Amino acid sequence: MADSSEKKRPQGELSIRVLAMPADTNPSGHIFGGWVLGQMDIAGSIHASGQAGGRVATIAVDSMVFHKPIHVGDEVSCYTRITRIGRTSMSVNVETWVRRARLGDPIHVTEGRFTYVALDAQGEPAEILNKTVPGTN
Ligand SMILES: CC(C)(COP(=O)(O)OP(=O)(O)OC[C@H]1O[C@@H](n2cnc3c(N)ncnc32)[C@H](O)[C@@H]1OP(=O)(O)O)[C@@H](O)C(=O)NCCC(=O)NCCS
């Protein structure tokens, strides 16, 4: 059955690119899901922080789907796209794509949706003033 893992190209902007290392494996030798989730959270927070113009905190991991495994030596790229901006929070879709051993066409391996809250200097929720998402107008 066709599913969303069969996307042909990444959607959103490249927020981080890293190499999957042996230290990040699980007992079966693939890359540990928690490591992938962490990279995606970092990527989403970089994008959200740019939108908010300051600090953000992750308040929710709304969804996470692992379509395919990541192998040691894969080049891992996280693409991010803001899908909703509320008063103080925003939703960010994060797609992860890999190139096996840093070669060939990108393969869509995971996707997730994260919610971030903009923070003021005291660590309290702050209104997001810039509600314009580039590329949606
Ligand atoms: C982020 C934090 C300061 C927000 O404070 P809070 O008092 O819970 O915030 P509020 O109830 O005012 O809600 C703030 C926003 O988050 C949204 N929100 C609250 N709970 C949510 C949830 N479970 N899922 C999604 N959004 C949620 C609210 O709808 C609101 O959005 P809006 O202003 O766009 O309408 C606080 O929850 C916190 O410190 N959490 C821990 C963050 C953390 O340690 N993250 C991991 C490391 S970064």
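Reply: A nonpolar core is a set of buried Ala, Val, Leu, Ile, Met, Phe, Trp, Tyr and Cys residues joined through side-chain atoms within 4.5 Å. Buried means under 20% relative accessible area, exposed means over 50%, and partly exposed is in between, with a 1.4 Å probe and protein chains only. The model is predicted, so to speak of local features a pLDDT of at least 70 is needed, side-chain atom pairs count only at pLDDT 80 or more, and totals for chains, interfaces and linings use all residues. Residues are numbered from 1 along each chain as its sequence is written, and side-chain values use heavy atoms, with hydrogens and water left out.

The largest nonpolar core has 24 residues, and I70, M90 and V92 touch the most other members. At least two residues of this core come from each of α1 (33-52), β3 (75-85), β4 (89-99) and β5. The largest share, 5 residues, is supplied by α1. These names follow DSSP runs numbered from the N terminus: helices are H or I runs of at least four residues, and strands are E runs of at least two.

Next come the aromatic rings. Rings of Phe, Tyr and Trp (its six-membered ring) pair if their centres lie within 6.5 Å; planes under 30 degrees apart count as stacked, over 60 as edge-to-face and the rest as tilted. By this rule there is 1 aromatic pair. The ring centres of F114 and Y116 are 6.3 Å apart and the planes are at 15 degrees, so the pair is stacked. F114 is buried, with a relative accessible area of 0%, and Y116 is buried, with a relative accessible area of 0%.

The most come from β2, with 4 residues. In total, 13 residues surround the ligand, and T58, R87, T88, S89 and V117 are the closest; a residue is near a molecule if one of its heavy atoms lies within 4 Å of it. By class, the shell holds 6 nonpolar, 6 polar and 1 charged residues. Here Ala, Val, Leu, Ile, Met, Phe, Trp, Tyr, Cys and Pro count as nonpolar, Asp, Glu, Lys and Arg as charged, and the others, Gly among them, as polar.

A polar backbone atom of T58 is 2.9 Å from a nitrogen atom of the ligand. An N or O atom in the side chain of T88 is 2.6 Å from an oxygen atom of the ligand, and a polar side-chain atom of S89 is 2.7 Å from an oxygen atom of the ligand. On its own the ligand has 970 Å² of accessible area, of which the protein covers 43%; such areas come from the Shrake-Rupley method with a 1.4 Å probe.

Back in strand β3 is T83, which is partly exposed at 42% relative accessible area. T83 and N93 are 10 residues apart in sequence and 6.8 Å apart in space, C-alpha to C-alpha. H71 lies in the loop between β2 and β3 and counts as partly exposed at 31% relative accessibility.

Note on methods:
A polar contact is a pair of N or O atoms within 3.5 Å; within protein, one must be able to donate a hydrogen and the other to accept it, and residues adjacent in sequence count only if both atoms are side-chain atoms.
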